[in-house]
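Morning, everyone. Please have a look at the structure on the screen, and then I'll walk you through its side-chain contacts.

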Amino acid sequence: MKFNPNARLDTSQVQDRRGSGGGVSRGGGFPGMPGGRGGLAVGGGGLGLLVLVGIVVFYMISGGSGGSAPTGMLQGASGNATVDNQQLETSCRSGQDANTNDDCAVVGIVNSVQSYWGDAFAASGGTYREADTVFYTGSTGTGCGQGSSGMGPFYCPSDQQVYIDLSFWNELKTTFGANDALFTQAYVIAHEYGHHVQNLLGTSNRVGTATGATSGSVRLELQADCYAGVWAKHASTVPGADGQILITDITDADLANAVQTAGAIGDDYIQSKLGGRNVDPSQFSHGTSAQRQQWLQTGYRTGDPAACNTFDTNNLG
């Protein structure tokens, strides 16, 4: 995966809170879990990952609405955090920066994903509302409650923002046996923006709190995987803020890396391989490894959001 060196990056779609401090350390308990501190309200959407004295699975379900906060130097972001984008604004100006700087690469991915959905909504007569991605370290306040790096990336529908501690990429590789390749990062980010699309379309409101192999929660997550694949199919044709294509090259190896990671974050894999317990389909909330891989590939193969209708099929794979 490569970026167009001449394309302009838009750092206004990212809030950098990494200098604002944290409160919950990894392994010190998790909001909303026994022994945890603070609390993330049910209503977020994420990969379903949590490291807490071994492996525990934490699931969040999308729903609700809200607005995103502006970038720049300001007070009053979610959780009264301080946003300082000055370093990003200085370092992340072009696709060339994205090719050489990990932070800038995430900015470029966010730009590309949102540009695609903006065009897709417009083509169908709708209006896409941009969602900021928040970089943070350790923990941060969100519209859904206190968020922690231990849960992995997640989307909060109440403030319509995506949250990520960028150290997660290493966690993905060392703990889950996946990979931290650039396109894998793109898949993860695009998945979270899939939750934002579901929120805007009202799809999230169809989902309750029930778990299980055919539950609404599983269908929601598989659809977000499919939406990530749809974006990936079009990524090399998506323009940035200046009209230039942002991403110039996605290879078969890139897609293989994303598919491998999808397999490492399936419910059955996490329960058996990481949790060391028997697979319990009644507790599924994100889908099996095979299902996540299948729906990611369905989105990529078709390039059509309509092919991601996981709610009106009896065959989830």
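I'll take the aromatic pairs first, then the charged ones.

A word on the source. This is a predicted model: local features need pLDDT of at least 70, side-chain atom pairs count only at pLDDT 80 or more, and totals for chains, interfaces and linings use all residues. Residues are numbered from 1 along each chain as its sequence is written, and side-chain values use heavy atoms, with hydrogens and water left out.

Rings, then. Two aromatic rings are described by the distance of their centres and the angle of their planes. Here, rings of Phe, Tyr and Trp (its six-membered ring) pair if their centres lie within 6.5 Å; planes under 30 degrees apart are stacked, over 60 edge-to-face, and the rest tilted. That rule gives seven aromatic pairs.

One of them is W117 with Y227, edge-to-face, at 5.2 Å centre to centre and 70° between the planes. W117 sits in helix α3 (residues 102-123) and Y227 in helix α6 (residues 216-234), 110 residues apart. Helices here are DSSP runs of H or I, at least four residues, numbered from the N terminus. W117 and Y227 are both buried; buried means under 20% relative accessible area, exposed over 50%, partly exposed in between, with a 1.4 Å probe and protein chains only.

Next, F183 and W231. They are stacked, 6.2 Å centre to centre with 15° between the planes. F183 is in helix α5 (residues 182-201) and W231 in helix α6, so this pair ties together parts 48 residues apart in sequence. F183 is buried at 3% relative accessibility, and W231 is buried at 0%.

There is a cluster too: ring pairs link Y116, W117, F121, Y128 and Y227.

Now the charges. A salt bridge is a side-chain nitrogen of Lys or Arg within 4 Å of a carboxyl oxygen of Asp or Glu. The count is four.

Where do D225 and R292 lie? D225 is in helix α6 and R292 in helix α9, so their pair joins parts 67 residues apart in sequence. Their closest N and O atoms are 2.8 Å apart, and both residues are buried.

D16 and R18 also meet in a salt bridge, 2.8 Å from N to O. D16 is buried, at 7% relative accessible area, while R18 is partly exposed, at 29%. D16, R18 and D103 are linked in a network of salt bridges.

Finally, R206 and D312 form a salt bridge at 3.7 Å, N to O. D312 is exposed, with 58% relative accessible area.

Definitions and conventions: Helices (H or I, at least four residues) and strands (E, at least two) are DSSP runs, numbered from the N terminus.
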